[in-house]
Amino acid sequence: MHRHPQARVDVQGGGSSAGIYAATHGAADLGASSRELLGEEKKLIEIPIANDGIAVIVHPSNPLSTISLMEIRKIFSGAVKNWSALGLPPHDIDLITREEGSGTREAFEHLVMSKQEITPAALVQDSNGSVREIVAGDRHSLGYISAGLVDHRVKALAIDGVFPTRENIKNHTYKLVRRFLLVARAEPAGACKAFVDFVLGPNGQKILESEGLVGVK
Amino acid sequence: MMQREKFIERGLLLLALSSIGSLALITIFIFIEGFPLILSTGLKNFILSSHWAPTKGHFGILAMIISSVLVTLGAMVIGVPLGLSCAIVLAEFSPKRLKMVLKPTLELLAGIPSVVYGFLGVIWLVPLIRNYLGGPGLSLLAASIILGIMILPTVISISIDALTAVPDLYRDGSLALGATRWQTVSRVVLPAASSGIITAIILGMGRAIGETMAVIMVAGNALQIPTSVLDPVRTLTSNIALELGYAAGRHREALFATGIVLFVIIMILNLSATLITRRR
């Protein structure tokens, strides 16, 4: 911003669909999305800017430290409902998922569920933050959030023995990794191209890394 | 002079119509956006199925309709006795000066933003329910309690108006016949004010069924039909607000269609409130 005082960047929330919608209809030159493009949207040009791990989280007092992809799938499909199946003292699992349409949920379903549906008995929250808030307060809960947002109040589980560390996400040994995209109707030009170059350049990537994401370069 | 008078009249009429016009626009917009989906899914599949997976082509909102009804009933069970007794005390039994302090205080409740109610619910109520009653805490019960409190201002202020509208002649007559004050209130004043009180309850219901933010925060938003008050539930309003952020295409239409169902329910409630008041 200091170097381009004349450029104007409007920031608007509303989720991935809002970003894609704005780019599709020309309201914005670039839209940001944390989910992959679907159907018609595939006409847009996609520019991957970062990778993000999806961490499966539990309360810090939970003795569990690793879980298998299969176990996660069984729990989220509703086949396993009790912690006793994982060798813990019997208690219902308070399962938390994201709302339908969320990029995190879409990536989670794609990476974990293999066509099975997430059980309707799961609690649904509309942000990573509120999932984390519930897991931090409930000893029997299990949820998933963006790995960049894991803090000391929750514990990220290793999946099949691999923790969601930066290195593991970058080299994809950690299995739950999704892409963050910028989308545009046409090949970016002018100020738009400068922005994309900046994001993909060392400075932009450094900022993304400092926000807990993992760069693409 | 007459010219000017006419001009002002017309101007005011135009302003009044513009507010009705915006209501009409909202209605038309919701129906245009949502109706195609109801037609293509079929009304029966839409409101009688509880399979909601809009990104996979399943649009059943039965679980949410049931949850909305249950949450609202729960709010009534908690809010109506509290609100009504509060109104009776304020209108019939309290000294003028106490009433002058209490009534504005209660009306202040209505000014608290719903997100604050929701936040208090998450911080206090939900952990209490989780620790002492079990389940995840975010539940039908939590939502009912929070909504029960939120409808108090509506129920209380309209009930007080209904009670004070009962002429003092009725009270005097009853007392003169030897009835106690409580007998007077319960057998004479309450029946005389009943249509106003029912209006208060119906408007409270409208408020409860339309509330969104606080409910999203404390209800848990699960998609199942609840089997216990400790189960998490998702209401019609929560469904729209939760998913609109990321919804596209048919999913977005389905949320507007949810809005149509909600719109019809609230219209029915408001119409019956109007009819009951008019009958008086």
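Q: Before anything else, which residues count as buried and which as exposed?
A: A residue is buried if 20 or more other C-beta atoms lie within 10 Å of its own, and exposed if 12 or fewer do. The model is a predicted one.

Q: OK. Which residues of helix 6 of chain B are buried, then?
A: Leu140(B), Leu141(B), Ala142(B), Ala143(B), Ser144(B), Ile145(B), Ile146(B), Leu147(B), Gly148(B), Ile149(B) and Met150(B). That is eleven of the eleven residues of helix 6, which runs over residues 140–150 of chain B, so this helix is largely enclosed by the rest of the structure.

Q: What covers those buried residues?
A: The cover includes five helices of chain B: helix 3, helix 5 (114–132), helix 7, helix 10 (194–210) and helix 11 (213–219).

Q: Take Ala143(B). What does it touch?
A: Leaving out residues up to four places away in sequence, Ala143(B) touches Val71(B), Val215(B), Val218(B), Ala219(B) and Val233(B). Ala143(B) is also among the residues with the most contacts inside the largest nonpolar core.

Q: How many residues has that core, and which others have the most contacts inside it?
A: The core has 121 residues. Besides Ala143(B), the residues with the most contacts are Ile57(A), Ala142(B), Ile146(B), Leu147(B), Val218(B) and Ala219(B).

Q: Which helix gives the most to it?
A: Helix 3 of chain B, residues 62–93, with eleven residues.

Q: What does chain B come to overall?
A: Its secondary structure has 13 helices and two strands. The C-alpha trace of chain B spans about 70 × 70 × 30 Å along its principal axes. Of the 280 residues in chain B, 42% are buried. Among contacts in chain B with a separation of 6 or more, 74% join residues 24 or more positions apart.

Q: Back to helix 7 of chain B. At what angle does it cross helix 4?
A: Roughly 145°, with the axes of helix 4 (residues 96–109) and helix 7 (residues 152–164) of chain B coming within 8 Å. The crossing is left-handed.

Q: Which residues meet there?
A: From helix 4 of chain B, Leu106(B), Glu107(B) and Leu109(B); from helix 7, Leu152(B), Pro153(B), Ile156(B) and Ser157(B). By class, this contact has five nonpolar, one polar and one charged residues.

Q: Another one from chain B: is Leu25(B) buried or exposed?
A: Leu25(B) is exposed, because 10 other C-beta atoms lie within 10 Å and the cut-off for exposed is 12 or fewer. Leu25(B) sits in helix 1 of chain B, residues 2–41. From Leu25(B) to Ala143(B) is 118 residues in sequence and 31 Å in space, C-alpha to C-alpha.

Q: Last topic, backbone angles. What is phi of Ser114(A)?
A: Near 35°, a positive value in a residue other than glycine. Lys115(A) is not a glycine either, and has a positive phi of about 75°.

Q: Where is Ser114(A)?
A: In the loop between helix 3 (103–113) and strand 5 of chain A. Lys115(A) has its place in the loop between helix 3 and strand 5 of chain A as well.

Q: Why does Ser114(A) count as exposed?
A: Because Ser114(A) has 10 C-beta neighbours inside 10 Å. Lys115(A) has 7 C-beta neighbours inside 10 Å, so Lys115(A) counts as exposed too.

Technical notes: Residues numbered from 1 in each chain as written. Chains lettered and ligands numbered in written order. Predicted model: local features only at pLDDT ≥ 70, side-chain atom pairs only at ≥ 80, totals over all residues. Axes fitted to C-alpha atoms, helices over the stretch in contact; angles between N-to-C directions. Helix = DSSP H or I, 4+ residues; strand = E, 2+ residues; numbered from the N terminus. Left-handed = near helix turned anticlockwise from the far one by under 90°. Contact = placed C-beta atoms within 7 Å. Nonpolar A, V, L, I, M, F, W, Y, C, P; charged D, E, K, R; others polar. Core = buried A, V, L, I, M, F, W, Y, C linked by C-beta atoms within 7 Å.
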